[in-house]
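This report describes the arrangement of a structure with attention to its sheets, helices, domains and contacts. The sequence and coordinates are shown first.

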Amino acid sequence: MTDVLWFVLALLLAGVYLSWTAGRLDRLHARVDAARAALDAQLVRRSAVSMELATSALLDPASALLIADAAHAARQAEGEARPQAESDLSRALRAALDQPEQLEELTGPVEGRQLVEELEGAGRRVVMARRFHNDAVRAARALRTKRHVRYLRLAGHAPPPPTFECDDAPPECLAREL
Amino acid sequence: MRVGLVCPYAWEVPGGVQAHVRDLAEALLALGHEVSVLAPADEDAVDLPPYLASGGRAVSVPFNGSVARVAFGPVTRSRVRRWVRDGGFDVLHVHEPAVPSLSALALFCATGPIVATFHMSTPRSRAMAAVHGIAQPALEKLSARIAVSEPARQTLVEHFGGDPVLIPNGVALARFARARPMPGWPGSTTKGGGTLGFLGRFDEPRKGFEILTAAMEQLVADRPGLRLLVAGPGDIEAALAAMPAAVAARITMLGLISEAEKEQMLRSVDLYVAPNTGGESFGIILTEAMSAGTPVVASDIDAFRRVLEDGTCGALFPVGDADALALTLADLLDDPARRAVLRGEAARTVARYDWSQVAADVVAVYETVTAGATGVAEDTRTQRLARLVGLAGA
């Protein structure tokens, strides 16, 4: 009789533990979704500021074209093409702005200074949002690889969330260590 | 934005984390945000700032190799829960959530956008490895993690993985620039005079105080007016007895000083000397001396080299080399023009360490994690869980 009681108790404890783990997973997935939305917003913001800079007539036409093209491509890109397009935008911004004369010329007028500041802020937020997102993804994945989670399919059938990998290094003249 | 800050250590005890939370809170208020700080504090104390909420009385417990003044237990937990529930915060920012105190409790009983800042840097330890297992589920709630220094960041990555962002401590520039020198200091640098400053544990070899006294020994004969002002904890008698009497006669020991006295002290010297031989992660004291307008002479360890930008805004000398230090000091004391140049360069550099700048970076983190979120709420799940395993009472 006591054996049965022990068995029932063990079952109960296992049930509580599993339900708690499922809750943890749920929360992690929700965090991944929120982080992903935040990352999206920051990327869109960066491409918007880049576009504004390109169309501001403060840059020479060649630099403006380069940035406008990359910003447009980044905004259009979806799915798997997105990281590449965002990397291209980072590269274009670096190529265009990492010339000492360029920045000097650009930050002369007030509107130029404001745009550069905004771009710097947007770039930093992209770096942050991407790190927070990938941190969330890594945490979710770590839990999903646990044996009891895998065998009992606590994570459901959805594929594990992917990290977002792209080159988000800002132009050196706007960089601050993060 | 409504921000809830949680400090794990007793508010009335001076300490790095407490100072960080206070300066951050005040910088956030200055930027126009609403701030409530939850910390262990004695509610009867008269000088508590209006933004402070007490999380209970602190008790002393051994933790991580020293004694920490922290608060915990069921009563504290219900207070934390109430503070979270009634706070209406857009973002919750906990400091040192791996310390057994208010931060860990706040993390336990809240959901929503939560940011954590990690200050500690400890090499891989068994204790931290044990904490890992317990802390992991709670740490999964964090939307963003911040480390205050590169070593703190490395500690975090080693123990918990991931990729935290680095936002260094700020310096309250204005406070240092406003401070007045102590009466009678620093005196004149002409005719063999000049005042040097040193701050820190002078009996800890890593701080390099002996290198400084060795350099002084070479200088005292030629410089009858040379003085050294020393502040920091340690056995003063023993330290003075261990050096030549000619050097000891030139030293004024202030002992352990308050934050305000430190500001004064840094304004009271012609040169600040940092002869450390290692173990520094950032060198906040250098930025403070620079904010006070005092040129810095420092050993060329990595951390100092970075802060002084390879010697453009302060003089560097080879680590442990007393002869080189003596030469550098003599040159600078005789060269007011060079000191003025260093002062100017330093002022330019420290602007970026100012708290207003650092707080803006922290706000950028808040904005990133709150985008689209509904704010901080009470985590009722953990309450149910606590009841279930018989910890209830909250």
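## Enclosed helices of chain B

In helix α7(B), the buried residues are B:F209, B:I211, B:L212, B:T213, B:A214, B:A215, B:M216 and B:L219. The model from which this follows is predicted. Because eight of the eleven residues of α7(B) (residues 209-219) are buried, this helix is largely enclosed by the rest of the structure. The elements covering its buried residues include β11, β12, α9 (245-248), β14 and α13 of chain B.

Helix α11 of chain B, which spans residues 284-291, is mostly covered as well, with eight of its eight residues buried. The buried residues in α11(B) are B:I284, B:I285, B:L286, B:T287, B:E288, B:A289, B:M290 and B:S291. Just after α11(B), B:G293 adopts a positive phi of about 80°.

Chain B is divided into domain 1 (2-170 + 355-388) and domain 2 (173-352). The C-alpha centres of these two domains of chain B are 34 Å apart. Eight residues from domain 1 of chain B and five residues from domain 2 of chain B take part in the contact between them. On the side of domain 1 of chain B that touches domain 2 of chain B, three residues are nonpolar, four are polar and one is charged.

One open sheet of chain B has six strands in the order β13-β12-β11-β14-β15-β16, with parallel pairing. Its edge strands, β13 (251-255) and β16 (315-317) of chain B, each pair on one side only. On average, neighbouring strands of this sheet are turned by 20° against each other, direction ignored. Within chain B, β11 and β12 run parallel and are joined by five bridges; B:F198 has B:V230 as its bridge partner in β12(B). Helix α13 (residues 322-333) of chain B lies across β11, β14 (271-274), β15 (296-299) and β16 of chain B, at about 160° to β16(B).

A second open sheet of chain B has seven strands, ordered β3-β2-β1-β6-β8-β9-β10, with parallel pairing. Its edges are β3 (52-54) and β10 of chain B, each of which pairs on one side only. The bridge partner of B:V94 in β8(B) is B:A116. Helix α15(B) lies across β1 (2-6), β6, β8, β9 and β10 of chain B and runs at about 165° to β9(B).

Which elements give two or more residues to the side of chain B that touches chain A? In the contact, 21 residues of chain B meet 26 residues of chain A. The elements in question are β9 (144-147), β10 (165-166), α15 (355-370) and α16 (380-388) of chain B. Of these, α15(B) gives the most, with four residues. By class, the residues on this side of chain B comprise eleven nonpolar, five polar and five charged.

In soluble globular proteins, nonpolar side chains tend to be buried together. The largest nonpolar core here has 156 residues, of which B:V37, B:A106, B:L286 and B:V365 touch the most other members. Helix α5 (residues 110-144) of chain A supplies the largest share of this core, 13 residues. Domain 1 and domain 2 of chain B each contribute at least three residues to this core.

Not counting residues up to four places away in sequence, B:V365 touches A:M128, B:V115, B:A144, B:I146 and B:V165.

## A buried proline in chain A

A:P161 is located in the segment after α6 (147-151) of chain A. Why does A:P161 count as buried? A:P161 has 20 C-beta neighbours inside 10 Å, and therefore counts as buried. Apart from its neighbours within four places in sequence, A:P161 is in contact with A:V32, A:V137 and A:A140. A:P161 and A:Q102 are separated by 59 residues in sequence and by 40 Å in space, C-alpha to C-alpha.

Notes
Residues are numbered from 1 along each chain as its sequence is written. Chains are lettered from A and ligands numbered from 1 in the order in which they are written. This is a predicted model: local features need pLDDT of at least 70, side-chain atom pairs count only at pLDDT 80 or more; totals for chains, interfaces and linings use all residues. Two strands pair if DSSP finds at least two bridges between them. Axes are lines fitted to C-alpha atoms, for helices over the stretch in contact, and angles run from 0 to 180 degrees between N-to-C directions. Two residues are in contact if their C-beta atoms, placed from the backbone, lie within 7 Å. Ala, Val, Leu, Ile, Met, Phe, Trp, Tyr, Cys and Pro count as nonpolar, Asp, Glu, Lys and Arg as charged, and the others, Gly among them, as polar. Domain bounds come from an automatic or database domain assignment. A nonpolar core is a set of buried Ala, Val, Leu, Ile, Met, Phe, Trp, Tyr and Cys residues joined through C-beta atoms within 7 Å. A residue is buried if 20 or more other C-beta atoms lie within 10 Å of its own, exposed if 12 or fewer, and partly exposed in between; C-beta atoms are placed from the backbone.
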